[in-house]
Amino acid sequence: FPGDAAYASSKAGLAGLTRARSIELAAKGITVNLVIPCRVLTEMTGALSDKALESMRAKIPMGRYGEPEEIAEVVEWVARSRYMTGAFVPADGGLMSTFGTVG
């Protein structure tokens, strides 16, 4: 899709920032983790054609897009964790599982 290079680069930057800050801040008891939401119907996906939306949906192992509330549940769970730091947590209906390891 147009603009994927910029989008992918920004995601990679977040991964690097998460790793670096999790190491730098761990001794202070501050955790830094990255929730990776994929394929959620939002304003950003609203501009896509029905064909593009269907093509992306078909790749999701759960067979559907996520809901913003489902992503919020994952964010809440990660935020409550006191010992996890430097983690990349996909909230994506299994999509990342089809690509291999995250990060």
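Predicted model: local features only at pLDDT ≥ 70, side-chain atom pairs only at ≥ 80, totals over all residues.
**Buried helix residues and salt bridges**

S22 is buried, with a relative accessible area of 7%. S22 is found in helix α1. Beyond its neighbours within four places in sequence, S22 is in contact with V32, T85 and G86.

S22 belongs to a set of buried residues in α1 that also includes A15, T18 and L25. Among the elements that cover the buried residues of α1 are β1 (34-37) and β2 (88-91). The length of α1 was also examined. The helix has 23 residues, which should span 33 Å at 1.5 Å a residue. The end C-alpha atoms of α1 are 32 Å apart, in agreement with that expectation.

Salt bridges were considered next. The structure holds four of them. One of these joins R21 to E24, with the closest N and O atoms 2.6 Å apart. Both residues lie in helix α1 (residues 4-26). R21 and E24 are three residues apart, about one turn of the helix. An α-helix has 3.6 residues a turn, so residues three or four places apart point the same way. R21 has a relative accessibility of 36% and therefore counts as partly exposed. E24 also counts as partly exposed, because its relative accessibility is 47%. Buried means under 20% and exposed means over 50%, and the values of R21 and E24 fall in between.

A further salt bridge pairs R57 with E54. Here the closest N and O atoms are 2.5 Å apart. R57 and E54 are in helix α2 (residues 50-58). Because they are three residues apart in this helix, about one helical turn separates R57 and E54. R57 is partly exposed, at 26% relative accessibility. E54 is partly exposed as well, with a relative accessible area of 40%.

R64 and E70 form another of the salt bridges. The closest N and O atoms of R64 and E70 are 2.7 Å apart. R64 is partly exposed, its relative accessible area being 37%. For E70 the relative accessible area is 26%, so E70 is partly exposed too.

Helix α1 thus carries the buried residues A15, T18, S22 and L25, along with the salt bridge between R21 and E24. S22 is buried, whereas R21 is partly exposed.

Terms used. Residues numbered from 1 in each chain as written. Heavy atoms only, no water. Salt bridge = Lys/Arg side-chain N within 4 Å of Asp/Glu carboxyl O. Helix = DSSP H or I, 4+ residues; strand = E, 2+ residues; numbered from the N terminus. Buried < 20%, exposed > 50% of the residue type's maximum accessible area, 1.4 Å probe, protein only. Contact = heavy atoms within 4.5 Å. Expected span 1.5 Å × (residues − 1).
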